[in-house]
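Please walk through this protein with the model open beside you.

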Amino acid sequence: MKASIRQDTYRHQGLRNQLIRTIQKKGISDPAVLAAMQKVPRHFFFDSSFLEYAYEDQPFPIGAGQTISQPYTVAFQTSLLMISKGEKILEIGTGSGYQACILAELGAKVFSIERQKTLYEKTSSLLAEMGYQRIKLFYGDGYKGLLSYAPFDKVLVTAAAPRIPEALIRQMKPGGILVIPVGDDIQIMTTIHKISETEIRKEEHGHFRFVPMLEDKARDH
Ligand code: SAH
């Protein structure tokens with residue numbers, strides 16, 4: 001189904017209201033984050049045969065062995081970023097593009113990298129049809145960051161990182177925040193506050209589960 005004929009009906013908006021209440025009950029309180037999630041039609045990121053799953057607070061397969069993150073997780077990571085309008089945000093792991101749209105709705109300029117070519121292409125055409133001009137997508141390896149557009153105000157990793165990539169800290173401005181789930185089977189949501197070029201502060205925020213952050217561009221998709 002083409003995005004141009006996708007519709008955001010009152011029924012979808014009602015389901016989205018319920019989803020917002022669910023994630024609020026789970027502890028998300030930032031009004032700007034909740035408003036952004038109210039705006040973006042999550043069902044646009046699903047194939048038409050799976051639309052009924054779009055407003056459950058669950059992750060869901062999006063092809064190429066990848067998933068669209070659980071709405072609660074999207075809200076949690078977004079809250080940790082403490083975004084102000086106009087900030088430059090680097091996202092690693094574009095996937096469906098849903099998280100990138102939430103960042104754009106908060107007024108951020110989004111630069112997002114995906115290592116799977118099929119996903120990069122599919123999401124590029126969806127976001128173009130949806131009219132998101134504040135989002136730039138890149139096909140590449142997120143471990144390297146995006147030197148030609150650095151420095152960034154904040155960096156968000158939406159795949160499970162076995163280690164914290166140095167390049168991502170280097171490509172942030174002092175005062176920046178990196179949000180990254182670190183670990184193998186289960187990850188600890190970690191924030192790195194870049195105090196200065198030589199000093200960082202690390203915080204941990206509980207357990208999550210993401211698909212792995214893999215080195216290099218994928219060769220099989
Ligand atoms: N933010 C996404 C969630 C996608 S799941 C959304 O809103 O839908 C994580 C994504 O990270 C997958 O698409 C995976 O292919 C991608 N990924 C994994 N390792 C990567 C890397 N090194 N560089 C860029 N993308 C990567």
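A nitrogen atom of the ligand sits 2.6 Å from a polar backbone atom of Leu 214. That is a polar contact, meaning a pair of N or O atoms within 3.5 Å; within protein, one must be able to donate a hydrogen and the other to accept it, and residues adjacent in sequence count only if both atoms are side-chain atoms. Taken alone, the ligand exposes 580 Å², and the protein buries 99% of that. Accessible areas come from the Shrake-Rupley method with a 1.4 Å probe; for residues, only the protein chains shown count as cover.

This is a predicted model: local features need pLDDT of at least 70, side-chain atom pairs count only at pLDDT 80 or more, and totals for chains, interfaces and linings use all residues. Residues are numbered from 1 along each chain as its sequence is written, and side-chain values use heavy atoms, with hydrogens and water left out.

Stay with the ligand. It is surrounded by 27 residues, and the closest are Gly 93, Ser 96, Glu 114, Gly 142 and Leu 214. A residue counts here if one of its heavy atoms lies within 4 Å of the molecule. Glu 114 places a polar side-chain atom 2.6 Å from a ligand oxygen atom. Asp 141 places a polar side-chain atom 3.0 Å from a ligand nitrogen atom.

Which residue forms a salt bridge with Asp 141? The partner is Lys 144, with the closest N and O atoms 3.3 Å apart. A salt bridge is a side-chain nitrogen of Lys or Arg within 4 Å of a carboxyl oxygen of Asp or Glu. Asp 141 counts as buried at 9% relative accessibility. Lys 144 counts as exposed at 53%. Buried means under 20% relative accessible area, exposed means over 50%, and partly exposed falls in between (1.4 Å probe, protein chains only).

The structure holds eleven salt bridges. In one of them, the side chains of Lys 154 and Glu 87 meet at 2.9 Å, N to O. Lys 154 lies in strand 6 (residues 152-157) and Glu 87 in the loop between helix 3 (71-81) and strand 3 (88-92), so the pair ties together parts that are 67 residues apart in sequence. Helices (H or I, at least four residues) and strands (E, at least two) are DSSP runs, numbered from the N terminus. Lys 154 is buried at 5% relative accessibility. Glu 87 is buried too, at 14%.

Another salt bridge joins Glu 197 and Lys 194, at 3.2 Å from N to O. Glu 197 counts as exposed at 59% relative accessibility, whereas Lys 194 counts as buried at 3%. Elsewhere, salt bridges that share partners link Asp 141, Lys 144 and Asp 216 into one network.

Now look at Arg 42. This residue is in the loop between helix 2 (31-39) and strand 1 (60-63). Arg 42 is buried yet has no salt bridge. The nearest side chain of opposite charge, Asp 57, is 6.7 Å away. Lys and Arg count as positive here, and Asp and Glu as negative; His and the chain ends are not counted. What does the side chain of Arg 42 reach? The backbone oxygen of Gln 58, at 3.2 Å. Leaving aside neighbours within four places in sequence, Arg 42 is in contact (heavy atoms within 4.5 Å) with residues including Tyr 53, Ile 68, Pro 71 and Tyr 98.

His 43 is in the loop between helix 2 and strand 1. His 43 is buried, with a relative accessible area of 4%. Its side chain reaches the backbone oxygen of Gln 7 at 3.0 Å. The side chain of His 43 also makes a polar contact with the side chain of Tyr 55, at 2.7 Å.

Tyr 98, one of the contacts of Arg 42, is among the buried residues of helix 4. Seven of the eight residues of helix 4 (residues 98-105) are buried, so the helix is largely enclosed by the rest of the structure. Gly 107 follows helix 4, with a positive phi near 90 degrees.

Finish at Arg 201, in strand 9 (residues 200-208). Arg 201 is partly exposed, with a relative accessible area of 41%. Its side chain makes a polar contact with the side chain of Glu 203 at 3.2 Å. Arg 201 and Thr 191 are ten residues apart in sequence and 8.1 Å apart in space, C-alpha to C-alpha.
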